[in-house]
Amino acid sequence: SGTAKTDSAYELIENAKNASAVEGLGGFVFEKPDSMNSIQLWIPNREKTITLTPIDVGIDGTCGNPIGEAYKGKWRFWFLCEDPNYPDEPLLYYHDMETQVAIPNDINYMLKTEGANIATIRLSLGELQGELFIADDQNIFLYHQRDGRYKVVRLFNGTSFVFALGRQ
């Protein structure tokens, strides 16, 4: 019924963490605490029911801070996961909706070179047309991943606040 659907949606949203809307996809990606696969994609289907798809399947360790992006008509989801070999150094992953595979991007060396505190890294600033903004407890970094070239640049130093980015 419509009431059951609404109740389920509210329960889902109340339990969601770090939810991020996905432009052009009609859904959002979020953390679901205390679940085996904690990064979930929610896209209501045509039957008006809720469909959850885990996008961090097969990854050892806890994952979080999901960000969804649309680029050239395709959708990708970025998130951080614990590295079992280095518990204080999260790995940046992206899940490509075409291949349905989560791929790690080890950018910790670049972040350290720019002066990041790896233990407090989070993807809390969002994504803007393919540019990821990454924050630690004192800095904001730009992660550029276009044209097969990956680089990290520190944008702000001594910043301890978080802000949201929007599109026009």
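Which hand does the link of Cys-63 and Cys-81 have about the S-S bond? With 105 degrees about that bond, the link is right-handed. Before going further, a word on what you are looking at: this is a predicted model, in which local features need pLDDT of at least 70, side-chain atom pairs count only at pLDDT 80 or more, and totals for chains, interfaces and linings use all residues. Residues are numbered from 1 along each chain as its sequence is written, and side-chain values use heavy atoms, with hydrogens and water left out.

Let's stay with the cysteines for a moment. A search of the whole structure turns up one disulfide, meaning a pair of cysteine sulfur atoms within 2.5 Å. In the bond between Cys-63 and Cys-81, the sulfur atoms lie 2.0 Å apart. The pair links distant parts of the chain, 18 residues apart: Cys-63 belongs to strand S5 (residues 63-71) and Cys-81 to strand S6 (residues 74-83). Strands here are DSSP runs (E, at least two residues), numbered from the N terminus. Both Cys-63 and Cys-81 are buried, that is, under 20% relative accessible area with a 1.4 Å probe, protein chains only.

Now turn to the sheet. Four strands form an open sheet in the order S1-S2-S3-S4, with antiparallel pairing; two strands pair if DSSP finds at least two bridges between them. Strand S1 (17-22) and strand S4 (52-54) stand at the edges with a single partner strand each, so one side of each has no neighbour in the sheet. Strand S3 (residues 39-42) pairs with S4 in the antiparallel sense over three bridges. To see the two chain segments face each other, find Gln-40, which stands opposite Pro-54 in S4.

Notes:
Buried means under 20% relative accessible area, exposed over 50%, partly exposed in between (1.4 Å probe, protein chains only).
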